[in-house]
Amino acid sequence: MKQKVLTRYRVMAYVTAVWLLVFTGFIVAKYAFDTGDTMLVSQIHGVLFIVYVVFAFDLGSKARWPFGKLLWVLLAGCIPFAAFFVERQVAREVEPLVEPEEDEVRTPAGA
């Protein structure tokens with residue numbers, strides 16, 4: 001598996017998690033204090049979540065995860081703060097599967 005697959009997932013996990021927290025704050029403000037509108041924030045989070053699902057599914061299929069693990073990673077994008085913890089766990093598990101980049105693979109001098 002290439003490094004960019006893991007990197008795309010990690011970036012989208014953080015971006016989606018941050019936007020979910022923003023969206024949660026807007027929901028609390030709207031219903032607890034009767035202020036603000038959540039339409040724009042919810043649409044942005046929805047689009048970002050779809051991209052997150054695509055990248056997580058791509059990573060999961062290349063890492064050959066069982067369905068339960070893939071489902072847990074996808075659901076982590078729906079639970080505030082969960083994506084931060086799941087992303088770290090996934091990165092640790094998938095890192096050994098990542099192929100070294102071409103510029104990282106060097107032949108020893110004199111070989």
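Tutor: Let's start with Val-11, which is partly exposed because its relative accessible area is 44%, a value that falls between the 20% limit for buried and the 50% limit for exposed. Keep in mind as we go that this is a predicted model. Averaged over the chain, pLDDT is 86, and 90% of the residues reach 70 or more. Of the chain's elements, H2 has the highest mean, 92, while H4 has the lowest, 89.

Val-11 belongs to helix H1. Glu-87 is part of helix H4. Is Glu-87 buried or exposed? Glu-87 is buried, because its relative accessible area is 0%. If we set aside residues up to four places away in sequence, Glu-87 touches Tyr-9, Arg-10, Ala-13 and Tyr-14.

The axes of H1 and H4 approach within 9 Å and cross at roughly 170°. With that angle, H1 is roughly antiparallel to H4, because angles over 145 degrees are classed that way. On the H1 side, the residues that meet H4 are Leu-6, Tyr-9, Arg-10, Ala-13, Tyr-14, Ala-17, Val-18 and Leu-21. Facing them in H4 are Ala-83, Phe-84, Val-86, Glu-87, Arg-88, Val-90, Ala-91 and Val-94. Sorted by class, this contact of H1 with H4 holds 13 nonpolar residues, three charged ones and no polar ones. Glu-87, our buried residue, is among the H4 residues in that contact.

H4 also has another partner to visit. The axes of helix H3 (residues 67–76) and helix H4 (residues 82–94) come within 8 Å, with a crossing angle of roughly 140°. H3 is therefore oblique to H4. From H3, the contact draws on Lys-69, Trp-72, Val-73 and Ala-76. From H4, it draws on Ala-82, Ala-83, Val-86, Gln-89, Val-90 and Glu-93. These residues of the contact of H3 with H4 divide into seven nonpolar, two charged and one polar.

Apart from neighbours within four places in sequence, Trp-72 is in contact with Ile-79 and Val-86. The C-alpha atoms of Trp-72 and Glu-93 are 14 Å apart, and the two residues are separated by 21 positions along the chain. Between H3 and H4 runs a loop that contains Phe-81. Phe-81 is not a glycine, but its phi is positive, near 75°.

The crossing of H2 past H3 is right-handed. H2 contributes Phe-49, Tyr-52, Val-53, Ala-56, Phe-57 and Gly-60 to this contact, and H3 contributes Leu-70, Val-73, Leu-74 and Ala-76. By class, the contact of H2 with H3 has nine nonpolar residues, one polar residue and no charged ones.

H2 (residues 39–63) also holds Asp-58. Asp-58 counts as buried, because its relative accessibility is 17%, and the limit for buried is under 20%. Beyond its neighbours within four places in sequence, Asp-58 contacts Val-5 and Arg-8.

Asp-34 lies in the loop between helix H1 (3–33) and H2. Asp-34 is exposed, because its relative accessible area is 71%. Although Asp-34 is not a glycine, its phi is positive as well, near 55°. That loop leads us back to H1, the helix that holds Val-11, where our walk began.

Methods. Residues numbered from 1 in each chain as written. Predicted model: local features only at pLDDT ≥ 70, side-chain atom pairs only at ≥ 80, totals over all residues. Heavy atoms only, no water. Axes fitted to C-alpha atoms, helices over the stretch in contact; angles between N-to-C directions. Helix = DSSP H or I, 4+ residues; strand = E, 2+ residues; numbered from the N terminus. Parallel < 35°, antiparallel > 145°, perpendicular 65-115°, else oblique. Contact = heavy atoms within 4.5 Å. Nonpolar A, V, L, I, M, F, W, Y, C, P; charged D, E, K, R; others polar. Buried < 20%, exposed > 50% of the residue type's maximum accessible area, 1.4 Å probe, protein only. Left-handed = near helix turned anticlockwise from the far one by under 90°. pLDDT = per-residue confidence, 0-100.
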